[in-house]
Amino acid sequence: MEKKVFLTGSFGNAGEQILLQLIKQNFNVICFDVNTPSNIKKQKRLSKKHKFETIWGDLRQSKDLIISILKTVPDVM
């Protein structure tokens, strides 16, 4: 069974590299990042080659984070 991982900052420089490593290791990744034009562009580019879920939200907004976690119930954060 694949483990779910909730990855914040998924579409930043470090986040993208972590995302690719998690996918390579067969984790089911739930990406959480701010809905900005550059993040949307990167998400679209990556989703053409890789399978992952994306939830848009702001880590600084507790309601965004809490709702996301409750919706996904990750195994690892």
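Student: Between which elements does the loop with asparagine 26 lie?

Tutor: In this predicted model, asparagine 26 sits in the loop that joins α1 (13-24) to β2 (28-33).

Student: What is the phi of asparagine 26?

Tutor: The general idea comes before the case. Most residues other than glycine have a negative phi. Asparagine 26 has a phi near 65 degrees, a positive value in a residue that is not glycine.

Student: Is asparagine 26 buried or exposed?

Tutor: The cut-off for exposed is over 50% relative accessible area. Asparagine 26 counts as exposed because its relative accessibility is 53%.

Student: In what order do the elements of the protein chain run?

Tutor: There are 3 helices and 3 strands in the protein chain. Read from the N terminus, their order is β-α-β-α-β-α.

Student: How does the radius of gyration of the protein chain stand against that of a compact globule?

Tutor: For 77 residues, a compact globule would have a radius of gyration near 11 Å; the protein chain has 12 Å, which agrees. The box filled by its C-alpha atoms, taken along the principal axes, is roughly 30 × 30 × 20 Å.

Student: What share of the residues counts as buried?

Tutor: Of the 77 residues in the protein chain, 35% are buried. The accessible surface is about 5300 Å², and carbon and sulfur atoms account for 55% of that surface.

Student: Which residues form the largest nonpolar core?

Tutor: Again, the general idea comes before the case. In soluble globular proteins, nonpolar side chains tend to be buried together. Here the largest nonpolar core has 10 residues: Val5, Leu7, Phe11, Leu19, Leu22, Ile23, Val29, Cys31, Leu46 and Phe52. Two or more residues of this core come from each of β1 (4-8), α1 and β2. The largest share, 3 residues, is that of α1.

Student: Where is threonine 54, and which residues is it in contact with beyond its neighbours in sequence?

Tutor: Threonine 54 belongs to strand β3 (residues 53-56). Leaving aside neighbours within four places in sequence, threonine 54 is in contact with Phe11, Cys31 and Gln43. Phe11 and Cys31 are also among the residues of the largest nonpolar core. From threonine 54 to isoleucine 40 the C-alpha to C-alpha distance is 10.0 Å, and the two are 14 residues apart in sequence.

Student: What share of the contacts with a separation of 6 or more comes from residues 24 or more positions apart?

Tutor: In the protein chain, that share is 56%.

Student: How far apart are the mean positions of the positive and negative charges?

Tutor: The protein chain has 13 positive and 7 negative charges, and their mean positions are 7 Å apart.

Methods:
Residues numbered from 1 in each chain as written. Predicted model: local features only at pLDDT ≥ 70, side-chain atom pairs only at ≥ 80, totals over all residues. Heavy atoms only, no water. Helix = DSSP H or I, 4+ residues; strand = E, 2+ residues; numbered from the N terminus. Rg over C-alpha atoms; globule rule 2.2 N^0.38 Å. Buried < 20%, exposed > 50% of the residue type's maximum accessible area, 1.4 Å probe, protein only. Contact = heavy atoms within 4.5 Å. Areas by Shrake-Rupley, 256 points an atom, 1.4 Å probe, with all protein chains shown as cover. Lys, Arg positive; Asp, Glu negative; His and termini not counted. Charge placed at Lys NZ, Arg CZ, Asp CG, Glu CD. Core = buried A, V, L, I, M, F, W, Y, C linked by side-chain atoms within 4.5 Å.
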